[in-house]
Amino acid sequence: MRNFFTCGTVKFEGDNELSSVREIVVKNMSDFVKDGHDLEEAEKQLNEKGPNEDAWCELCPEAEVNRRECIDEGKVTSVIEEDLSIPDLNNEKSSSSVGTNLLSVSLTKNEIIPRLRSLNVKQRRILYKVRDWCIQKSNGKTPEPLHLFITGGAGTGKSHLIKCIQYEATRILAQTSENPDDLTVLLTAPTGTAAFNIHGLTIHSALGIFKTLSPDHATLSEDKINSLRTKLENLQILIIDEISMVNKKLLFFVHERLRQVKKRPDKCLFGGVSVIAVGDFYQLPPVKTKRVDKLYVDDPSNPSNQLWNGLFEIAELDEIMRQREDGLFAELLNRLRVKQKNESLTLFDKRTLTHCFGDGPDEALHIYSTNAEVDNFNKEMIMKLCTEFKTN
Ligand SMILES: Nc1ncnc2c1ncn2[C@@H]1O[C@H](COP(=O)(O)OP(=O)(O)OP(=O)(O)O)[C@@H](O)[C@H]1O
């Protein structure tokens with residue numbers, strides 16, 4: 001056989017000359033078996049090492065970078081940002097305008113790489129846990145949904161980590177849907193300010209939840225649900241920042257809405273979508289919420305209790321990542337964070353706090369405990385900034 005290949009000749013009909021078998025085979029191979037060696041090599045590697053999790057990035061790094069840069073420049077908008085004006089949310093103007101105008105933007109590759117490299121051991125461990133889950137998904141496996149609670153005091157790098165998780169999870173999960181631009185990871189927070197800080201969306205606007213959390217609005221009509229479904233049909237991970245500001249009722253509505261969107265039965269928690277909750281229960285609590293309705297308060301009589309207590313795996317960050325003076329202040333905050341009312345402060349902490357006391361620069365965000373103080377400050381600033389003003 002080998003002889004026939006190397007020395008054999010054939011004669012084609014109507015052709016007077018003999019043609020070399022070898023030449024014909026080589027020509028046909030170059031025409032029809034392009035990249036044959038590479039394909040064989042790839043098949044061999046696939047069999048030996050399994051699928052390459054970073055294949056997309058290796059094949060098309062430029063395309064991915066371009067796509068992310070376009071998003072940053074606003075040329076390509078996130079699916080969710082375009083329009084989420086679900087009619088029965090229009091009754092409440094603010095609920096449709098706050099969240100829908102916020103872009104759910106991930107960082108560019110160039111911005112993310114230094115962040116990924118800077119992660120400390122605990123941050124990295126959490127990232128890898130989420131990453132492993134995403135890789136299993138992208139390899140066609142069906143791992144149980146993640147329910148992860150990332151917590152830690154002020155400045156321990158929770159927000160920093162969220163952006164890394166969002167980037168990595170989006171990148172890997174892009175391989176699971178036909179359109180790599182499909183929304184697979186949604187970054188949300190319970191208030192407009194918190195959402196803005198992480199370049200995310202409010203939970204209400206992203207999931208079409210009425211702000212007053214009235215039971216009448218728990219279920220959207222099939223039309224409205226369909227519209228939400230087209231935007232969220234490939235959603236696999238929901239990240240909720242500032243979870244301390246979410247109460248049992250809101251989390252229950254999130255579960256219900258995801259269940260509706262994913263067409264899953266009652267018992268399917270969050271419609272099978274993985275949820276990563278991030279925050280610190282020593283920080284801001286939900287507004288107008290009784291103690292028993294706070295998430296961390298175990299109340300078996302409340303049907304939504306099962307959505308939090310005992311469900312979420314806790315991952316705690318404890319290394320303060322803020323720099324210099326900010327770092328000292330963050331350390332102070334973290335000492336105060338766990339103090340009981342009757343425990344006194346150390347002399348050093350008292351001094352530091354006294355040093356911080358004062359109005360601070362005008363342009364800094366001022367927080368007052370009464371509306372009257374807020375009005376006073378605003379008036380004072382208006383008088384300072386606007387020299388010419390008219391009153392009615
Ligand atoms: N691994 C890291 N390497 C370098 N800087 C980091 C790292 N993690 C966080 N930081 C920086 O530390 C500061 C605090 O981080 P971040 O805002 O993420 O903390 P946080 O836990 O969300 O704080 P808070 O609860 O007060 O909102 C930020 O300036 C952030 O950029």
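This report describes the largest pocket of a predicted model and the ligand in it.

Residues are numbered from 1 along each chain as its sequence is written. Local features need pLDDT of at least 70, side-chain atom pairs count only at pLDDT 80 or more, totals for chains, interfaces and linings use all residues, and side-chain values use heavy atoms, with hydrogens and water left out.

**The pocket**

The largest pocket holds about 990 Å³ of space. A pocket is an open set of points on a 1 Å grid over the protein atoms alone, where a 1.4 Å probe fits, with protein on both sides within 12 Å along at least five of seven lines. Its volume is the space filled by probe spheres set on the points. Lining residues have an atom within 4 Å of a point. There are 27 of them, and Ala154, Gly155, Glu242, Gln283 and Arg322 are the closest to the centre. Helix α16 supplies the largest share of the lining, 5 residues. Helices here are DSSP runs (H or I, at least four residues), numbered from the N terminus.

**The ligand**

The ligand takes up the largest pocket. That requires more than half of its atoms to lie within 2 Å of the pocket's grid points. Around the ligand are 15 residues; Gln123, Lys158, Ser159, His160 and Arg322 come nearest. A residue counts as near if one of its heavy atoms lies within 4 Å. Helix α11 gives the most to this shell, 3 residues.

The table lists polar contacts, pairs of N or O atoms within 3.5 Å.

| Residue atom | Ligand atom | Distance |
|---|---|---|
| Ser118, backbone N or O | nitrogen | 2.9 Å |
| Gln123, polar side-chain atom | nitrogen | 2.8 Å |
| His160, backbone N or O | oxygen | 2.9 Å |

Taken alone, the ligand exposes 630 Å², and the protein buries 74% of that. These areas come from the Shrake-Rupley method with a 1.4 Å probe.

Note on methods. Helix = DSSP H or I, 4+ residues; strand = E, 2+ residues; numbered from the N terminus. Polar contact = N/O pair within 3.5 Å; in protein donor to acceptor, adjacent residues only side chain to side chain.
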